Amino acid sequence: MPVRAASVRRMVAPTVAVLGLLFGGGLLLAVLQTIGVSPFVGRFDVSLAAYRQVAGLPGLWASIVLTVWVATASTVLSLGIGVSAAVALRRLAADTVLGRATLFLFQANLTVPHVVAAVGAVWLLSQSGLLARAAFGLGLISGPQDFPALVYDRAAIGTILAYVWKEVPFVGVVTLSLLASVGDRPGQTARSLGATRWQAFRHVTLPQIRPGLIACGTIIFAFALGTYEVPALTGASQPKLLPVLAYEMFTSHTLADRPAAVALSLTTAAAGLGMILAWRSLLTGARR
Amino acid sequence: MMALRPVLAAVALTAIGLLASTPGHAAEPKPFAQIEAEARGGSVNFFLWGGDERINAFISGPVAEALERDHGITVNRVGVADTAEVVNQVLSETEAGVTDAGSVDLVWINGENFRTLKVGGLVLCGYARGLPNAGLVDWEDPSISTDFGTPVDDCEVPWSRANFAFGTDSARVATPPKTMGALIDWIRANPGRFAYPAPPDFNGSAFIRQLFIHAAGGPDAVAGPFDQGRFDAIAEKAFGLLEALEPSLWRGGETYPTSIAQLNQLFANGEVDFTFNYEPTVFGANVENGTFPPTTRSFTLDDGTLANTSYIAIPANARNRSAAMVLANALLSVDLQYEKARPDVWGMATVLDLDRLTPADADRFRAIPRHPAVVAPEQLADVAMPEPSAAWVTAIEARWKETIGR
Amino acid sequence: MTAIWSIATPVGDKPATVPSAAPTKRRAGLPLLLLVAWLVVPLVPVVLWSVARGWFFPALLPAEISLAAWARAFANGSDVWRALGTSVGVSAAAAALGMLIGVPAGRALGMHAFPGKRWVEMLVLAPILVPGLGVAMGLHAVMIRLGLTGTAGGVVLVFLVPVLPYVVLISASVFATHDRAFEAQARGLGASSWQTLRHVTLPMVAPGLSVAAAFAFLVAWSQYGLTLLVGGGRVITMPLLLGQSIAAGRNDLAGVAAVLTILPGLAVLVLTSTLLGRGGRR
């Protein structure tokens, strides 16, 4: 039964209007702000000063490199660990205590806000945190200074670990459902034809769940690129991750910094989108 | 192409209500009784730094209760992470054309933030000295009449005095250094045991100024208006010193704590041996709430520790001006100044001139007890060193970011 | 596009019932045990701090247990009560609005082909791929102008940006597997369109949609940067209260705030899966 176009339009119109106004409108206003157009006060002195200011920020390149490193490392580690965990979990009977506990924790973890993960990471990993205290108790270190700098560090290890802690369950849950929809049959067939367990996974199962995993990685990458609270709580004083840098500039008492802050956010978003698209076409291209 | 339509709608939306009018920023003189009558039954949004539980409790408790009881005014405390955000809010509201319905009615402020508002014509002037309780303040005292070098000019109401002080654990450091030079020697002799938070953290910035003034040879060298030549000469010395100090700092100066809270945690866990604060009563409060070890003690330096006065100001675009004035007057009252000075409430020193109070009231202030972790007020007053002007402060922070913090 | 939709389904279709090949149980056991430990360990200091007092290096456990922070949290008129109320209110409102707006679009995307569908899909996906900070910064001036900054209403409105994509994508996948033959049959038997919706469609899609609603609530519940930017310090949700306690250096209060930030989300999860479990057994 064909549905009239008008009724479909009525169904999508509210979403299109709200996202168009809030998201599209916000994006457009952001762009206008960065090129010196301020419709409220009727100012139209178009210039690229904001982008020049961003380009001249001290330590900008270090921030860019670190941000890309954090997003990439978080994505790769989350995918690697999450997929392995899902495969292991599927092999294990799911009604064992361990299987059920893992599943529950996966789902429970999805509900934990990122800010809690960041706070937990600091209290666990800092040089006087719980792990350092355990190491001291075991006689492995003689004081906080001997414990490796895992948070507030220049390589942002703490930030990455906080993201990975949050995203592994996400990847795990997604992979489980992808595996369930593929079923065990194709893998078993490959095994019966003499493939090793790894070969069966690599050449039979993985290609089938790959699009889902790419989507999953895309979400993690974009999220790690744009989130403020995790690096703000776990990051070093320098270099700062781009969202932290942008937020600090946006709320500084110099209003002149504001367009530059928006420009920084937009550039990050655009660069991120570019990387995501390149990455996706690379991955889907490789499949062929 | 469907996605384009909402975008066009957004453009139409932005076109609504252009044109911001210039803000008028002098309060029209009115008898205070009339202001009180106008304010009755209203509310006031009081924006202030929210990073201290004691402050929050003081405002939401005694202050809010007094205003509700005496004037029927509801006080909405709005805690912010950094006062710069409030200035930013006033600026952006004004930019957006909100000139008499702004959300900020009263703000706790001083230094660069005040200067930004004043230079931008965004602060209400001409009412402060007319408040009934203003007579209790010595407005001619230079530490009151200028705020980090910016003339107050009846544009803000003094509220509290603050003194910079260092803290250490007496169980770890029995005899703390007595001068800035001695502290620097101590840092060199004990590598990895000292840290300071990176600006824009307020206390970290203050420490850098403390060291800058030391390098300059004293507060007189940075007194008066900003001078690029003088600044460059001192900066070379000061930042050379800071750079040379880096290898002796926590983590070899590779990174710095990002907030005073982070430095306090390092201190509490014995990762470093010193912390500092522009509010010495923090040391007492943090011992009491278990954040610091009980053997924590604070101290001053003989060659001077920074001091400043902080104020409350009404933005020019405030919606509830009258209620804000009533609140400002109440905050200057003997009762609320005394409450604020009590260490079990907040412990922030009064701006009132004790000679202008009744002897009984003055004695109340003199009898205020002191936590053993907190350095004595007389000692703080003895070594108090004025802040350089706001332009110096900005330049010092900016140079730190260019040289050390990258 | 379908790839991203597929990630939306798992929460709903309960991967808990995975069949398994038994032989290699033991080899998978140890890594999983480590994984479980890793998932739990960061929460240990969170819970401990909420009842600790003066807990310094190198003490592995707090020397002194104190319920002072909890007592403060539950005192009358405490900021914790207020933040909990704000968080629940704002998240529920954003989820409800999101469902109201997003479910019809999900149905259209899941069941119908129509001109411009690709554009709608792209618009829905965009907020997931483009970090929201820049968008919120752009909206800031309009929101100030409309008097929405610093209000719960303004925060709810901005929350729709991250919430809507999830609602639309999840409900699209729910409707994609929904068989319209039942609706046609009901109409054929003389049911009105309202009766069909009430007695045929809703019962069939309810489990999936309740997952969408739960997800919408959780997405809103977790927001931090947007709340900070648009709320301007006046809309304090639980995540923000946690951030404030950390900034104040009070680990004990932060511990309490963190625990109370986690619990409601867990409650939603348990509630949703209980409801779904009951529905499934029927």
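Colleague: How many helices and how many strands are there in chain A?

Modeller: In this predicted model, the elements of chain A run from the N terminus as α-β-β-α-α-α-α-α-α-α-α-α-α-α. Counted by type, chain A has twelve helices and two strands.

Colleague: What share of the residues of chain A count as buried?

Modeller: The C-alpha atoms of chain A fill a box of roughly 75 × 70 × 35 Å, taken along the principal axes. Chain A has 288 residues, and the share of them that count as buried is 59%.

Colleague: In which sense do strands E1 and E2 of chain B pair, and what is the hand of the crossover between them?

Modeller: Strand E1 (residues 43-49) of chain B and strand E2 (residues 74-80) of chain B are joined over seven bridges in the parallel sense. The chain passes from E1(B) to E2(B) through helix H3 (residues 53-71) of chain B, which makes a β-α-β crossover. The pairing is therefore described as parallel, and the crossover as right-handed.

Colleague: Are B:Asp52, B:Arg54 and B:Glu279 buried or exposed?

Modeller: Buried means under 20% relative accessible area, and B:Asp52 has 11% relative accessibility, while B:Arg54 has a relative accessible area of 13%. For B:Glu279 the relative accessibility is 8%. Because each value is under that cut-off, B:Asp52, B:Arg54 and B:Glu279 count as buried.

Colleague: Where are the partners of the salt bridge between B:Arg364 and B:Asp335, and how many residues apart are they?

Modeller: The closest N and O atoms of B:Arg364 and B:Asp335 are 3.5 Å apart. B:Arg364 counts as partly exposed at 30% relative accessibility, and B:Asp335 is partly exposed as well, with a relative accessible area of 49%. B:Arg364 is in helix H14 (residues 359-366) of chain B and B:Asp335 in helix H13 (residues 334-341) of chain B, so that the pair links distant parts of the chain, 29 residues apart.

Colleague: Which residues of E8(B) point one way and which the other way?

Modeller: Strand E7 (residues 165-169) of chain B pairs with E8(B) in the antiparallel sense over four bridges, and B:Ala165 stands opposite B:Asn277 in E8(B). In a regular strand the side chains alternate between the two faces of the sheet. All four residues named here are buried, with B:Phe274 and B:Phe276 pointing one way and, the other way, B:Thr275 and B:Asn277.

Colleague: What separates the C-alpha atoms of B:Ala316 and B:Leu124?

Modeller: B:Ala316 has its place in the loop between strand E10 (305-313) and helix H12 (321-331) of chain B, and this residue is buried, with a relative accessible area of 2%. Although B:Ala316 and B:Leu124 are 192 residues apart along the chain, the separation of their C-alpha atoms is 4.5 Å.

Colleague: Which residues form the nonpolar patch on the surface that includes C:Leu34?

Modeller: C:Leu34 is found in helix H2 (residues 25-40) of chain C and is exposed, with a relative accessible area of 57%. The patch has about 330 Å² of accessible area together, and its residues are C:Leu30, C:Leu33 and C:Leu34.

Methods:
Residues are numbered from 1 along each chain as its sequence is written. Chains are lettered from A and ligands numbered from 1 in the order in which they are written. This is a predicted model: local features need pLDDT of at least 70, side-chain atom pairs count only at pLDDT 80 or more; totals for chains, interfaces and linings use all residues. Side-chain values use heavy atoms; hydrogens and water are left out. Two strands pair if DSSP finds at least two bridges between them. A crossover is right-handed if, with the strands pointing away from the viewer, the path from the first strand over the helix to the second runs clockwise. Patches are made of residues with over 30% relative accessible area and no salt bridge: like charges are joined within 9 Å, nonpolar side chains (Val, Leu, Ile, Met, Phe, Trp, Tyr) within 5 Å. Accessible areas come from the Shrake-Rupley method with a 1.4 Å probe; for residues, only the protein chains shown count as cover. A salt bridge is a side-chain nitrogen of Lys or Arg within 4 Å of a carboxyl oxygen of Asp or Glu. Buried means under 20% relative accessible area, exposed over 50%, partly exposed in between (1.4 Å probe, protein chains only).
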